[in-house]
Amino acid sequence: LSPLAACVKVVRTTGLSSLYHGLLPMTVRRSLDWGIRFTVSSEVKARVVERRRAAGRSTDLPVHELIGCGLVGGAFSALTHPIDNVITNSQKPMPPGAKRDLLSVVRRMHAESGHR
């Protein structure tokens, strides 16, 4: 089954809107993820540059320090992981007529798994 044939089959079976299940939580997640990642990475980089400047060293960061700044930002962006669970649960197969809006998905997740 080609990707195009699969897409056509999904649209015929579940409708065009099924291609957008999970769009709202995915948009929220991506916005938060990149906002956190860039903010933290930029702040860490600024602090590293300031420490280098105070020590009288070049403010041009070597590659390994730039990578380190990015890694810290990426680690903090993991705070958005719970939203990934909502996205995954909004896209999984469900009984006909099951609601897929954000609140319904969160309620269903809580009913299935509870609070741990």
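Trainee: Where do D33 and R29 lie, and how many residues apart are they?

Mentor: An α-helix has 3.6 residues a turn, so residues three or four places apart point the same way. Here D33 and R29 are both in helix α2, 4 residues apart, about one turn of the helix. Helices are DSSP runs of H or I with at least four residues (strands: E, at least two), numbered from the N terminus. This is a predicted model, in which local features need pLDDT of at least 70, side-chain atom pairs count only at pLDDT 80 or more, and totals for chains, interfaces and linings use all residues. Residues are numbered from 1 along each chain as its sequence is written, and side-chain values use heavy atoms, with hydrogens and water left out.

Trainee: How do the side chains of D33 and R29 meet?

Mentor: In a salt bridge, which is a side-chain nitrogen of Lys or Arg within 4 Å of a carboxyl oxygen of Asp or Glu. For D33 and R29 the N to O distance is 3.5 Å. R29 also forms a salt bridge with D84, with the closest N and O atoms 2.7 Å apart. That pair links distant parts of the chain, since R29 is in helix α2 and D84 in helix α4, 55 residues apart.

Trainee: Is D33 buried or exposed?

Mentor: Buried means under 20% relative accessible area, exposed over 50%, and partly exposed in between (1.4 Å probe, protein chains only). D33 has 3% relative accessibility, so D33 counts as buried. R29, at 18%, is buried, while D84, at 21%, is partly exposed.

Trainee: Which parts of the chain does the salt bridge of E112 with K92 tie together?

Mentor: The closest N and O atoms of E112 and K92 are 3.2 Å apart. E112 lies in helix α5 and K92 in the loop between α4 and α5, so the bridge ties together parts 20 residues apart in sequence. Elsewhere, salt bridges with shared partners join R29, D33, R37 and D84 into one network. The count comes to 7 salt bridges.

Trainee: What covers the buried residues of α2?

Mentor: Cover is read from contact, meaning heavy atoms within 4.5 Å. What covers the buried residues of α2 includes α3 (63–76), α4 (81–91) and α5 (102–113). One of those buried residues is S41, with a relative accessible area of 14%. Not counting residues up to four places away in sequence, S41 touches C69, G70 and G73.

Trainee: How many disulfides are there?

Mentor: A disulfide is a pair of cysteine sulfur atoms within 2.5 Å. The count is 0 disulfides. C69 is buried at 4% relative accessibility, and C7 is partly exposed at 34%.
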